Amino acid sequence: MTFSATQYPDVNALLHDLQRGAQNILGENFAGMYLYGSLSSGDFNPESSDIDFVIVTAVSIPARQLPLLEELHRELTAVHPHWAFHLEGSYVPLADLRRYDPEGGPYPQWHEGRFYLGKHGSDWIIQRHVMREQGLVLAGPPPESLIDPVSPDDLRRAVRGALAEWWAPMLDNPTWLQDRLYQAFGILTMCRALHTLATGTIVSKPAAAAWAKELENGRWSSAIDAALRWPHQPQPDDLPAMLDLLRYTLERAGR
């Protein structure tokens with residue numbers, strides 16, 4: 001089978017092996033596989049972007065199959081060591097995909113080389129929206145037939161929820177943000193959050209960054225430019241700018 005889901009042959013090889021392996025394990029419970037995020041929006045950066053996927057199942061995955069899925073991802077890491085680390089996604093039953101339920105799950109997930117069961121946070125509202133509107137179908141029906149529309153106010157609420165759940169605690173404990181990679185990620189994420197709060201829409205990180213550079217007379221323009229250049233060119237520590245932008249974003253979210 002020739003897989004040409006993306007313009008990147010090595011990514012396609014990984015996705016082919018993931019789909020084939022998941023279908024072999026899940027059998028008739030396999031209902032579809034989709035890409036969302038930068039690969040579906042056309043903003044994929046091979047040096048820094050994740051490969052965001054969702055595998056949809058007819059019903060919840062039996063516990064006896066979870067070790068098999070974990071082993072599949074371990075095997076993918078051995079065969080595709082670079083791209084498998086950037087693979088990020090979850091396995092979701094059809095009924096749970098249609099609309100966000102904070103009490104739903106836990107769901108099998110793969111993130112940064114770890115397989116685990118976890119719930120979806122408020123950001124899953126945003127991911128579902130992106131998948132519905134821009135999702136790339138590798139197998140299964142069109143995503144808009146599986147996911148209810150997400151309103152602009154739902155997106156704003158999702159951003160506020162993600163900021164409260166994940167980002168606000170970093171003001172008191174910014175250990176995670178000591179890493180320059182996560183500073184760049186955080187700055188661009190704040191740009192997207194601010195754009196969504198203002199417009200009720202989701203755009204790519206580069207588009208949100210261009211918009212956010214004009215805020216407050218360009219207060220964070222240099223920090224945003226540096227984040228966009230990651231990992232190229234010198235990348236000095238920029239934690240103060242990241243925390244300043246985070247405080248501003250939280251203030252805007254509270255209005």
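Author: A salt bridge is a side-chain nitrogen of Lys or Arg within 4 Å of a carboxyl oxygen of Asp or Glu. The model is predicted: local features need pLDDT of at least 70, side-chain atom pairs count only at pLDDT 80 or more, and totals for chains, interfaces and linings use all residues. Residues are numbered from 1 along each chain as its sequence is written, and side-chain values use heavy atoms, with hydrogens and water left out.

The structure holds 9 salt bridges. Arg98, Arg99 and Asp148 are linked in a network of them. Within it, Asp148 meets Arg99 at 2.6 Å, N to O. Asp148 lies in the loop between strand 6 (136-139) and helix 7 (152-167), and Arg99 in the loop between helix 5 (94-97) and strand 4 (107-111), so the pair ties together parts 49 residues apart in sequence. Helices (H or I, at least four residues) and strands (E, at least two) are DSSP runs, numbered from the N terminus. Asp148 is partly exposed, at 21% relative accessible area. Arg99 is partly exposed too, at 48%. Partly exposed falls between buried (under 20% relative accessible area) and exposed (over 50%), with a 1.4 Å probe and protein chains only.

Next, Asp225 and Lys213. Their side chains form a salt bridge at 2.8 Å, N to O. Asp225 lies in helix 10 (residues 221-229) and Lys213 in the loop between helix 9 (205-212) and helix 10, so this pair ties together parts 12 residues apart in sequence.

Arg74 and Glu70 pair at 3.4 Å, N to O. Both lie in helix 3 (residues 66-79), 4 residues apart, about one turn of the helix.
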